[in-house]
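Please read it beside the model.

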Amino acid sequence: MIVLGVLAATFSLAAAPVGAQSRSKVSKPVLVIHGGAGVIRRENSKNDDAAIRKVLETALRNGYGELQAGKPALDAVTAAITVLEDSPYFNAGKGAVFTHEGRNELDSSIMEGHTQRAGAVAGVQHIKNPILLARAVMDKSPHVMLVGKGAETFAKAQGFTMMPTSYFHTEKRAGQLRKAQLQEAGKQVAAGPEYLRYIGTVGALALDSAGNLAAGTSTGGMSNKRWNRVGDSPIIGAGTWADKQCAFSGTGWGEYYIRTAAARMTCARVEFEGESAAAAGAAIVNGDIVNLGGNGGAIVMTADGDFAFPFNTEGMYRGWIDASGQPHVALYVDEGLRGDVLPAAQATLDAPVR
């Protein structure tokens, strides 16, 4: 009888919704963002660096303002990401890279942790803020992912304004396409690492006062991509994931995030192994992905508000905001932002943690 009683009690605990107790209390809101891994110093001027930091800070303030107002994590994620999509400094929305054919094809996804509802779009060409369309797919359609013309037909039905393709044209991205095509033709030697073709994806994770998590990711994909290539960003479980215990948004060489199911596997380590955000992120982003030949970074958050920035490139645009509303942002590997998780070779850098 004693054994049966213990078993019954154990089953009762196991059957209870994970995280229900923590969500019954008021949680301290948390917001973290990324603006892409793979950045290197020589690609930016000092003025660029200053402008990028300012946009990251604005995204954090806008997103955190939603959390302070008692809004759900989804609202904070979309508020932060739309700021990044509206900036030409990131490979998402306004600043999207060009395909081989000279188009901008945009991908995005969003996921709510406690319901595991999700929405995604891929290959859209006229949507100013793809993260908002991804959320509309989640909220207003019976589907998870819509692609290309179908996604834009849905967008029109939902009242989205179709942007002219000229809106997405920036000379910096056009120059990157020309350089990539010269390199492809053997007429110019590559001046940097391969991952520079994949930089700039943006993402956000939020924990709201109800204890619920959400994640979102948005990108223009890979510079000079062909054949309507789609990377990990709009794929639930690869580039984006949120459940009751963990949230993830990735940035990097998308093929490897797809092959490792990076987002879901990171959060599975939290769920089944009890790992921290840092340990789980390091195992997948700085472990499995690198071991296959890929690279990049991510943001990871757990339901207790702990967060991590695992990455294995020279830099990653990233930031978090403290309880007083003060943003903390960093661009490069040696800046030592709180939550940074680096491979052993990079972790030897002596940098202050902020």
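## Helix 10 and the five-stranded sheet

Helix 10 (residues 277-292) lies across strand 8, strand 9, strand 10 (307-310) and strand 13. The helix runs at about 20° to strand 10. Axes are lines fitted to C-alpha atoms, for helices over the stretch in contact, and angles run from 0 to 180 degrees between N-to-C directions. Contact means heavy atoms within 4.5 Å. Helices (H or I, at least four residues) and strands (E, at least two) are DSSP runs, numbered from the N terminus. The model is predicted: local features need pLDDT of at least 70, side-chain atom pairs count only at pLDDT 80 or more, and totals for chains, interfaces and linings use all residues. Residues are numbered from 1 along each chain as its sequence is written, and side-chain values use heavy atoms, with hydrogens and water left out.

The open sheet here has five strands in the order 7-8-9-10-13, with mixed pairing. Strand 7 (240-242) and strand 13 (340-341) are the edges; each has a single partner strand, so one side of each lacks a neighbour in the sheet. Two strands pair if DSSP finds at least two bridges between them. Strand 7 runs antiparallel to strand 8 (residues 246-252), joined by three bridges. T240 has S249 of strand 8 as its bridge partner. Helix 9 (residues 262-273) also packs on this sheet, touching strand 7, strand 8 and strand 9 (296-302). Its direction makes about 145° with that of strand 8.

## The disulfide

The structure holds one disulfide. The criterion is a pair of cysteine sulfur atoms within 2.5 Å. C246 and C267 form the bond, with S to S at 2.1 Å. C246 lies in strand 8 and C267 in helix 9, so the pair ties together parts that are 21 residues apart in sequence. The torsion about their S-S bond is about -65°, so the disulfide is left-handed.

Strand 1 (residues 30-37) and strand 11 (residues 315-321) pair in the antiparallel sense over five bridges. H34 stands opposite R318 in strand 11.

## Cavities and a pocket

On a 1 Å grid over the protein atoms alone, a cavity is a set of points where a 1.4 Å probe fits but cannot get out; a pocket is an open set with protein on both sides within 12 Å along at least five of seven lines; lining residues have an atom within 4 Å of a point. There are three cavities of 30 Å³ or more. The second largest cavity holds about 80 Å³. It has 16 lining residues, with T201, T219, D232, S233 and G252 closest to its centre. Strand 8 gives the most to this lining, with three residues.

The second largest pocket has about 180 Å³ of space. Grid points are joined across faces, edges and corners, and a volume is the space filled by probe spheres set on the points. This pocket is lined by 15 residues, with K28, P29, V30, G305 and R338 nearest its centre.
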